[in-house]
Amino acid sequence: MSDDRRSVKTYVPAEQKDRWRDHADELGMSQSEFVRTMVQAGRRGFSTDDSGKPAEPDPSGSDPRGDGLETRVEAALADGPLSWEELTEAVVGDFEDRLEGALDELQDRNRVRYNGRKGGYTLTDE
């Protein structure tokens, strides 16, 4: 990591800082590391490694597609080799779950509905 670092300050309620400190301690992180990691995770969609610890952001900031795919592939392969099918399931499975949740939410808000006559999901006119 470069020595060209800058400080960022924020002010939060004392109770929130206490919760962040406790969570950082549980993860074995400093408060600065915890906040930096959570901000990065929030910017690209939260993901964790197998221990439940937030996936460490790429220090170079490199994420060409902005979707954390490389990080998810590395996390999936951390426990050993996987076949193409197993790797695809590990990476795509998460997306399918997120897509299903998004569709459920949009249908609950009546923004999207399934229309078999039109061949699938459509936006509502609302």
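Guide: Start with pairing: two strands pair if DSSP finds at least two bridges between them. This model is predicted. Here E1 and E2 are joined by four bridges, so they count as paired.

Visitor: In which direction do E1 and E2 run?

Guide: Antiparallel. Take one bridge as an example. Arg-113 has Thr-122 in E2 as its bridge partner.

Visitor: How many residues lie between the strands of the hairpin?

Guide: Four residues lie between E1 and E2. Look at Gly-119 in that hairpin. Its phi is positive, near 90°.

Visitor: What pattern does the protein follow along the sequence?

Guide: Read it as α-α-α-α-β-β. That comes from four helices and two strands.

Visitor: How many residues does helix H1 have, and what distance does it reach?

Guide: Compare the end-to-end distance with the expected one. H1 covers residues 14–26, which is 13 residues. From first C-alpha to last, H1 reaches 18 Å. That is close to the expected 18 Å, at 1.5 Å a residue. Just after H1 comes Gly-28, with a positive phi of about 70°.

Visitor: Which residue other than glycine has a positive phi near 60°?

Guide: Asn-110 does. Find Asn-110 in the loop between helix H4 (84–108) and strand E1 (112–115).

Visitor: Is Asn-110 buried, partly exposed or exposed?

Guide: Use the cut-offs: buried is under 20% relative accessible area, exposed is over 50%. Asn-110 has 31%, so it is partly exposed.

Visitor: Which strand holds Thr-122, and is Thr-122 buried or exposed?

Guide: Thr-122 is in strand E2. Its relative accessibility is 17%, so it counts as buried. Leave out residues up to four places away in sequence. Then Thr-122 touches Arg-111, Val-112, Arg-113 and Asn-115.

Visitor: Where is Asn-115 found?

Guide: In strand E1. Asn-115 has a relative accessible area of 18%, so it is buried. Now follow its side chain. The Asn-115 side chain reaches the backbone nitrogen of Arg-117 at 3.0 Å. Beyond four places in sequence, Asn-115 is in contact with Gly-120 and Thr-122.

Visitor: Gly-120: buried or exposed?

Guide: Gly-120 is in strand E2, residues 120–123. With a relative accessible area of 9%, Gly-120 is buried. Skipping neighbours within four places, Gly-120 is in contact with Arg-113, Tyr-114 and Asn-115.

Visitor: What share of the residues in the protein is buried?

Guide: Now the whole chain. Buried residues make up 17% of the 126. The protein exposes about 10000 Å². Carbon and sulfur atoms supply 49% of that area.

Visitor: What share of the contacts joins residues 24 or more positions apart?

Guide: Count contacts with a separation of 6 or more. Of these, 13% are between residues 24 or more positions apart.

Visitor: Where is confidence lowest, and where is it highest?

Guide: Check pLDDT before reading detail. The mean pLDDT of the protein is 76. Some 76% of the residues reach 70 or more. Helix H2, residues 31–44, is lowest at a mean of 75. E2 is highest, at 90. Over residues 60–66 the pLDDT is below 50. Beyond near neighbours in sequence, that stretch has four contacts in the model.

Conventions:
Residues are numbered from 1 along each chain as its sequence is written. This is a predicted model: local features need pLDDT of at least 70, side-chain atom pairs count only at pLDDT 80 or more; totals for chains, interfaces and linings use all residues. Side-chain values use heavy atoms; hydrogens and water are left out. Buried means under 20% relative accessible area, exposed over 50%, partly exposed in between (1.4 Å probe, protein chains only). Contact means heavy atoms within 4.5 Å. A polar contact is a pair of N or O atoms within 3.5 Å; within protein, one must be able to donate a hydrogen and the other to accept it, and residues adjacent in sequence count only if both atoms are side-chain atoms. The expected span of a helix is 1.5 Å times one less than its number of residues. Accessible areas come from the Shrake-Rupley method with a 1.4 Å probe; for residues, only the protein chains shown count as cover. pLDDT is the predictor's confidence in each residue, from 0 to 100.
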